[in-house]
Amino acid sequence: MYGKEIERILVSKEQIAARVKELGAQITKDYEGEPVTLVCTLRGASIFFADLVREIRGDVEIDFIACSSYGAGTTSSGEVILAKDLSSPITGRNIIVVEDIIDTGITLTYLKRLLLARQPKSVKICTILDKPSRRKVELKGDYVGFEIENEYVVGYGLDYNQKFRNLPDVCVLSRDVYGG
């Protein structure tokens, strides 16, 4: 269906849509009567973020942040770079960081520490994918779409060299593409 670069579909667009609806309902229930700020980690989480925001009812604000520990490579460098900070103060706010994938956990641990220093009411993590076998630090998502094995995945916002983000499914990238 996608060509030789894609080995197979790991999570279908139908599975994703159903799970995003469930995550939105859970967040709505957990924050009933309280405002929440969703923080999208750019760029990978943008598609998941847009879908998730539309499934949450109540008082919701949004903001964006960009940081990376990967650069142009396929493995984490361990050094996190903050490329874009939040636009608004978060003191006293409920914050949910919306991420595409928890991999090593290095970037999200840095980000969570950075946000906690700004004295929000709470900080939670929502991710569409979790790859616990690659974790290098102790970190768990509060809202997790799918737990996956250690495979290089693309689609639904995830990329390889800025390509494949637009695929509607989460797919396993062929090792021939990235030399893995």
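Leu38 stands opposite Ile62 in strand 3 of this predicted model, where strands are DSSP runs of E with at least two residues and helices are DSSP runs of H or I with at least four, all numbered from the N terminus. The two strands concerned, strand 2 and strand 3, run parallel and are joined by 6 bridges; two strands count as paired if DSSP finds at least two bridges between them. Between strand 2 and strand 3 the chain passes through helix 2, and this β-α-β crossover is right-handed. The term means that, with the strands pointing away from the viewer, the path from the first strand over the helix to the second runs clockwise. An antiparallel case is found between strand 3 and strand 4 (residues 81-84), which pair over 3 bridges. Here Cys67 stands opposite Leu82 in strand 4.

Residues are numbered from 1 along each chain as its sequence is written, and side-chain values use heavy atoms, with hydrogens and water left out. Because the model is predicted, local features need pLDDT of at least 70 and side-chain atom pairs count only at pLDDT 80 or more, while totals for chains, interfaces and linings use all residues.

Helix 2 (residues 46-53) has Phe48, Phe49 and Leu52 as its buried residues, buried meaning under 20% relative accessible area, exposed over 50%, and partly exposed in between (1.4 Å probe, protein chains only). Seen down the helix axis, these buried residues fall within an arc of 100°, so they line one face of helix 2; the arc is that of the directions from the helix axis to the C-beta atoms. The cover over these residues includes helix 1 (13-30), strand 2 (36-41), strand 3 (60-68), strand 5 (94-102) and strand 6.

Helix 3 (residues 106-116) also has buried residues, namely Ile106, Thr107, Leu108, Leu111 and Leu115. Strand 2, strand 3, strand 5 and strand 6 are among the elements that cover them.

Elsewhere, 3 strands form an open antiparallel sheet in the order 1-9-8. Its edge strands, strand 1 (6-11) and strand 8 (153-154), each pair on one side only. Strand 8 is joined to strand 9 (residues 170-173) by 2 bridges, and the two run antiparallel. Val153 has Val172 in strand 9 as its bridge partner.

Is Lys140 buried or exposed? Lys140 is exposed, with a relative accessible area of 65%. This residue is found in the loop between strand 6 (122-130) and strand 7 (143-147). The C-alpha atom of Lys140 is separated by 8.4 Å from that of Ile102, 38 residues apart along the chain.

Finally, the protein as a whole can be described. The protein has 4 helices and 9 strands, which follow the pattern β-α-β-α-β-β-β-α-β-β-β-β-α along the sequence. Its radius of gyration is 16 Å, which agrees with the value near 16 Å for a compact globule of 180 residues; the radius is taken over C-alpha atoms, and the globule rule is 2.2 Å times the number of residues to the power 0.38. Buried residues make up 46% of the 180 residues. Among contacts (heavy atoms within 4.5 Å) between residues at least 6 apart in sequence, 66% join residues at least 24 apart.
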